[in-house]
Amino acid sequence: KADQSSRWLPATEVFGEGIFIQLSNERLKKWENDNGKFLGDRLNHIQAQLGAESWISDRFSNYRDRLARFIMVHTLSHILMWGLCYESGYSAASVRERLYVFSDRAGLLLYTADGDSEGSLGGLVRQGRSERFAKTLTSALERAQWCSNDPICREMPEHGPGKLNRAACHACAFAAETSCGYLNALLDRNLVVGMGTEVIGKDLTGFFDEVFTQET
């Protein structure tokens, strides 16, 4: 921790590029309200874990009051990270995330930052242009609808670090350790794309369910 009287902070110079995506807070609130009961039941164990006295609480307790939207945004970040790697040519370990999730706004930054010029080749910036990003997002969401470990992955109980994950595994939503700042925890694919028609009695609407409804 830097001394409050210090007039400098340690830093390194890196070269890179990135895409910042801001989500509609109005749509996020509507999604939370429409799925309030299901989200509460689905995430109650995780809420309890974040409230317990442990390293989990020390690291993640700040997100208790906005848990559903944080998990949704975090999972979307990982899904998009994989999609952008396919399209831009960067390796999966090169793209990193920075999340900005608050009660009145939410967004995410996917970026590459390295000590040389590799991070400034223009691949991510090009994918962020409106004429290309919609296709990249749709393709990433379509891939997230099905995991090679489904239906086990989709219907899995709490698991992972501190049992903070639901529908997420190495085949669909986990990112490289150097890319994720949250230990690959607080992930749930169902909050992004829904539970799928194969799940009997599904009550959850994924945040991006409308994308697939419009296509059909």
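Because the model is predicted, local features were taken at pLDDT of at least 70 and side-chain atom pairs at pLDDT 80 or more, whereas totals for chains, interfaces and linings use all residues. Residues are numbered from 1 along each chain as its sequence is written, and side-chain values use heavy atoms, with hydrogens and water left out.

The protein chain contains 8 helices and 3 strands; these are DSSP runs numbered from the N terminus, with helices (H or I) of at least four residues and strands (E) of at least two. Read from the N terminus, the order of elements is β-α-α-α-α-β-β-α-α-α-α. Of the 216 residues in the protein chain, 47% count as buried, where buried denotes under 20% relative accessible area, exposed over 50%, and partly exposed the range in between, computed with a 1.4 Å probe on protein chains only. Among contacts (heavy atoms within 4.5 Å) with a separation of 6 or more, 67% are made by residues 24 or more positions apart.

The largest nonpolar core comprises 51 residues, among which F60, M72, L76 and L186 touch the most other members. A nonpolar core is here a set of buried Ala, Val, Leu, Ile, Met, Phe, Trp, Tyr and Cys residues joined through side-chain atoms within 4.5 Å. Helix α4 provides the largest share of this core, 12 residues. When residues up to four places away in sequence are not counted, L76 touches L23, L108, L137, L141, V192 and F208. A second, separate core of 8 residues includes C169, C172, A173 and F174.

The second largest pocket holds about 200 Å³ of space. Pockets were located on a 1 Å grid over the protein atoms alone: a pocket is an open set of points where a 1.4 Å probe fits, with protein on both sides within 12 Å along at least five of seven lines, and lining residues have an atom within 4 Å of a point. Grid points are joined across faces, edges and corners, and the volume is the space filled by probe spheres set on the points. The second largest pocket is lined by 13 residues, of which W82, Y86, R143, A171 and C172 are the closest to its centre. Two or more lining residues come from each of α4 (67–88) and α6 (130–144). By class, the lining divides into 10 nonpolar, 2 polar and 1 charged residues; Ala, Val, Leu, Ile, Met, Phe, Trp, Tyr, Cys and Pro count as nonpolar, Asp, Glu, Lys and Arg as charged, and the others, Gly among them, as polar.

The whole structure contains 8 salt bridges, each defined by a side-chain nitrogen of Lys or Arg within 4 Å of a carboxyl oxygen of Asp or Glu. One of them pairs D34 with K30, with the closest N and O atoms 2.7 Å apart. Both residues lie in helix α1 (residues 25–34), 4 residues apart, or about one turn of the helix, and both D34 and K30 are exposed. In a further salt bridge, between R105 and D104, the closest N and O atoms are 2.7 Å apart. R105 counts as partly exposed because its relative accessibility is 41%, and D104 is likewise partly exposed, at 44%.

The salt bridge between D150 and R189 has its closest N and O atoms 2.9 Å apart.

H159 touches L164, N165, R166 and A168, residues up to four places away in sequence not being counted. The C-alpha atoms of H159 and A185 are 9.1 Å apart, and the two residues are separated by 26 residues in sequence. L183, also in the loop, has a positive phi near 60 degrees; with a relative accessible area of 40%, L183 is partly exposed. N184 lies in the loop as well and has a positive phi near 55 degrees, but N184 is buried, with a relative accessible area of 9%.
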